[in-house]
Amino acid sequence: MISNRKGLVALSPLIFFIALYLVTSIIARDFYKVPISVAFLFASIFAVAISGKHTLSRRIETFSKGASTQNMMLMLWIFVLAGAFANSAKVMGSIDATVNLTLCILPGNMLLAGLFVAACFISLSVGTSVGTIVAIVPIATGISYSTGIGLPLITATVVGGAFFGDNLSFISDTTVAATSSQGCKMRDKFRVNSFIVIPAALIILLIYIYLGYGMQLPATLPSIDYIKVLPYFIVLISAICGMNVMGVLTLGILSTGIVGIAGHEYDFYGWLKAMGDGILSMGELIIITMLAGGLLEIIRENGGIDYIIQKMTSHVKSKRGAELSIGILVTLVDICTANNTVAIITVGGISKQICDRFGVDNRKAASILDTCSCCMQGIIPYGAQMLIAAGLSKVNPIEILPYLYYPFAIGIAIVMSIVFRYPKRYS
């Protein structure tokens with residue numbers, strides 16, 4: 001049993017980070033005044049300082065372990081490749097060409113709805129929100145500049161659609177983790193999950209159609225250089241075919257080099273410079289990711305996550321309460337780990353025990369785990385998806401937050417499914 005004092009001390013670095021960033025930003029009335037990287041730096045120093053039961057070298061070792069886990073390094077590689085691809089595509093004109101093609105295909109009042117549907121389809125096909133965001137956000141950014149649609153809104157539209165597939169796809173890590181930990185089949189979890197979130201997706205689609213009403217395209221559209229669209233077609237098609245996101249980005253980078261050099265947009269050294277500039281532009285995101293990983297590892301090491309789990313399971317007395325506790329547990333752990341797959345894996349075993357004890361359907365439990373973790377992962381400003389989207393669109397993650405309609409919608413939908421006990425067959 002972890003005492004209240006010990007548990008709160010273990011969680012205090014996260015509380016310190018939230019208080020420092022939000023309070024100082026609110027006082028300044030400007031979320032750009034306090035860089036997230038600086039807030040994480042101070043919170044990390046605080047986390048190392050309060051872990052008094054170990055030597056300083058051991059505390060630093062724990063922090064470094066969290067900053068360099070396998071999942072963390074994979075995320076950093078994706079940042080590096082995404083930066084190289086995005087900037088090399090931008091310099092050789094691929095983004096502009098793709099934007100012009102999109103503007104020609106979609107009417108002005110369907111741009112937001114079209115981007116949302118595209119993000120939903122691609123993420124459902126590839127099973128990863130990160131890959132979807134990397135592929136579509138640069139195009140959405142270009143559309144924003146061409147049409148005047150707010151950059152935070154259009155970026156949030158893509159992020160929301162990306163989490164549709166992250167939540168439902170058969171090849172998503174979260175689906176695999178949720179179904180395997182609860183002992184149910186993927187198709188059964190998909191059936192239950194779709195009853196809960198597809199109505200939310202349709203409502204959000206209608207909202208985007210409404211928001212797009214009256215939007216006008218530029219009076220004259222530039223001609224489309226179709227060959228420059230090729231890198232994005234390669235990225236989208238290879239992603240839909242299920243290729244690993246790192247392989248997708250590598251193919252994209254090579255295609256920008258071939259098309260750009262052949263079209264005399266830049267020479268070989270210009271291509272290398274474009275990639276280098278793109279990698280450097282991801283520097284702050286890489287730093288934030290490593291600081292967050294180290295901070296959350298110290299919280300885990302000190303028993304913060306165990307404390308949350310212990311407190312949440314001590315008062316469960318009914319099936320509805322059991323479902324609610326599973327949802328709250330995975331949500332809180334996702335806040336602490338900033339990784340929805342890790343959150344599901346962490347809580348999965350406890351969730352199965354709760355299900356067995358209170359008679360919760362394992363298919364419903366898997367849906368709760370997946371949906372709640374995707375909801376929170378889509379909202380936290382220091383999650384990988386938000387950081388990548390913000391980095392590619394050059395927007396502060398906090399500015400994107402109010403427009404994340406779909407993640408908020410599935411959060412409401414899953415709470416309603418617990419409170420009102422639906423789908424009835426699985427509740």
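How many salt bridges does the count come to by this rule? The count comes to twelve, a salt bridge being a side-chain nitrogen of Lys or Arg within 4 Å of a carboxyl oxygen of Asp or Glu. The model is predicted: local features need pLDDT of at least 70, side-chain atom pairs count only at pLDDT 80 or more, and totals for chains, interfaces and linings use all residues. Residues are numbered from 1 along each chain as its sequence is written, and side-chain values use heavy atoms, with hydrogens and water left out.

**View A. The largest pocket.** The volume of the largest pocket is about 710 Å³. Of its 31 lining residues, Leu74, Ile78, Thr128, Val130 and Asp173 are the closest to the centre. Two or more lining residues come from each of helix H4 (70-91), helix H7 (129-147), helix H9 (173-182), helix H12 (245-262), helix H17 (340-358) and helix H19 (384-393). A pocket is an open set of points on a 1 Å grid over the protein atoms alone, with protein on both sides within 12 Å along at least five of seven lines; a cavity is a set where a 1.4 Å probe fits but cannot get out, and lining residues have an atom within 4 Å of a point. Grid points are joined across faces, edges and corners, and a volume is the space filled by probe spheres set on the points. Helices are DSSP runs (H or I, at least four residues), numbered from the N terminus.

**View B. Lining classes and domains at the largest pocket.** The lining comprises 15 nonpolar, 14 polar and two charged residues. Here Ala, Val, Leu, Ile, Met, Phe, Trp, Tyr, Cys and Pro count as nonpolar, Asp, Glu, Lys and Arg as charged, and the others, Gly among them, as polar. The largest pocket lies between domain 1 (4-70 + 286-420) and domain 2 (90-171 + 188-264), because both give residues to its lining. The domain bounds come from an automatic or database domain assignment.

**View C. The two cavities.** Two cavities of 30 Å³ or more are present in the structure. The largest cavity holds about 40 Å³ of space and is lined by Ser51, His54, Arg59, Thr62, Ile298, Glu301 and Asn302. Helix H3 (56-67) and helix H14 (283-301) are the elements that give two or more residues to this lining, which divides into one nonpolar, four polar and two charged residues. The second largest cavity holds about 30 Å³, and its lining consists of Gly131, Val134, Ala135, Val235, Ala239, Val245, Val248 and Leu249. Seven of these lining residues are nonpolar, one is polar and none is charged.

**View D. The salt bridge of arginine 58 and glutamate 301.** The two side chains meet at 3.0 Å, N to O. Arginine 58 lies in helix H3 and glutamate 301 in helix H14, 243 residues apart. Arginine 58 counts as partly exposed because its relative accessibility is 34%; buried means under 20% relative accessible area, exposed over 50%, and partly exposed in between (1.4 Å probe, protein chains only). Glutamate 301, at 26%, also counts as partly exposed.

**View E. The salt bridge of glutamate 323 and lysine 364.** The closest N and O atoms of glutamate 323 and lysine 364 are 3.2 Å apart. Glutamate 323 is buried, at 0% relative accessibility, and lysine 364 is buried, with a relative accessible area of 0%.
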